[in-house]
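Biologist: Hey, I've just been handed a structure I've never seen before. Can you walk me through it?

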Amino acid sequence: MTKPAIFAARQNEPCPECGAELVIRSGRHGPFLGCSQYPQCEYIRPLKAQADGHIVKVLEGQQCPKCQATLVLRQGRYGMFIGCSHYPDCDHTEVIDKPDETSIACPQCGQGQLLQRKSRFGKVFHSCDRYPECQFVLNFKPVAGECAHCHYPLLMEKRTAKGPTLCCASKLCGKPVAISE
């Protein structure tokens, strides 16, 4: 773990563990209060509670399906989300950015549909909605169609400097496919 940044601003509050002055520092998850005697004293405290996220906006006319309370827009550790105003008594949450579902069947299992997802680094990919039973993953945009060379039931759209091209989605084939007009 990396050492937090050096003091940004001193506070007029004593450390509850050693009595030294507390200072505002910045770390991976944002600013926090820490003891000025670090590393001898390792006391830290977050500047704001991140457990439930802070309320950004009350959504008028929208009710929680669990307890019928008002829903609110919150800012949390991983971005914006919709949650119940009676948190922590009611733990209902909703994702704002739901994944885009395609009408293309998964070529590996044949039962699921391909969904657009984001990796933890923000990169977009497509995978089967039956994960973890089916672990099909495609890093390019899927296109319904069949490869003329190997008859694989899925094509993918690759974007290059020359423009978009359709290719076979099979790892064994991967050949470009002529676009029929």
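Predicted model: local features only at pLDDT ≥ 70, side-chain atom pairs only at ≥ 80, totals over all residues.

Biologist: Okay, how many helices and strands does the protein have?

Modeller: There are 0 helices and 15 strands.

Biologist: And what share of the residues counts as buried?

Modeller: Of the 181 residues, 29% are buried. The protein exposes about 12800 Å², and carbon and sulfur atoms supply 52% of that.

Biologist: How much of the contact count comes from residues 24 or more positions apart?

Modeller: They account for 14% of the contacts, taking those with a separation of 6 or more.

Biologist: Which residues make up the largest nonpolar core?

Modeller: That core has 11 residues in all: Ile104, Cys106, Leu114, Cys128, Cys134, Phe136, Leu138, Leu154, Met156, Cys167 and Ala169. Apart from it lies another core of 8 residues, including Ala69, Leu73, Ile82 and Cys84. As a general point, nonpolar side chains in soluble globular proteins tend to be buried together.

Biologist: Let's pick one of those. What does Leu138 touch?

Modeller: Leaving out residues up to four places away in sequence, Leu138 touches Phe125, His126, Leu154, Met156 and Ala169.

Biologist: Met156 came up in both lists. Which residue is its bridge partner in β15?

Modeller: Met156 is partnered with Cys167 there. Both of those residues belong to the largest nonpolar core. The strands involved, β14 (residues 154-160) and β15 (residues 163-168), pair in the antiparallel sense over 6 bridges. They form a hairpin with 2 residues between them.

Biologist: Which other strand pairs with β14, and in what sense?

Modeller: Strand β13, residues 141-144, pairs with β14 in the antiparallel sense over 4 bridges. Within that pairing, Lys141 has Glu157 as its bridge partner.

Biologist: Switching topic: how many salt bridges are there?

Modeller: The count comes to 2 salt bridges. One of them joins the side chains of Glu157 and Arg159, at 2.8 Å from N to O.

Biologist: Glu157 again! Is it buried or exposed?

Modeller: Glu157 is buried, because its relative accessible area of 17% is under the 20% cut-off.

Biologist: What does the side chain of Ser36 reach?

Modeller: It reaches the backbone oxygen of Glu21, at 2.8 Å.

Biologist: And Gln37, where is that found?

Modeller: Gln37 is also in the loop between β3 and β4. At 40% relative accessibility, Gln37 counts as partly exposed.

Biologist: Which residues is Gln37 in contact with?

Modeller: Setting aside neighbours within four places in sequence, Gln37 is in contact with Cys18 and Ala20. As for Val23, its C-alpha atom is separated from that of Gln37 by 9.7 Å, and the two residues are 14 apart along the chain.

Technical notes. Residues numbered from 1 in each chain as written. Heavy atoms only, no water. Polar contact = N/O pair within 3.5 Å; in protein donor to acceptor, adjacent residues only side chain to side chain. Buried < 20%, exposed > 50% of the residue type's maximum accessible area, 1.4 Å probe, protein only. Contact = heavy atoms within 4.5 Å. Areas by Shrake-Rupley, 256 points an atom, 1.4 Å probe, with all protein chains shown as cover. Core = buried A, V, L, I, M, F, W, Y, C linked by side-chain atoms within 4.5 Å. Salt bridge = Lys/Arg side-chain N within 4 Å of Asp/Glu carboxyl O. Pairing = 2+ DSSP bridges.
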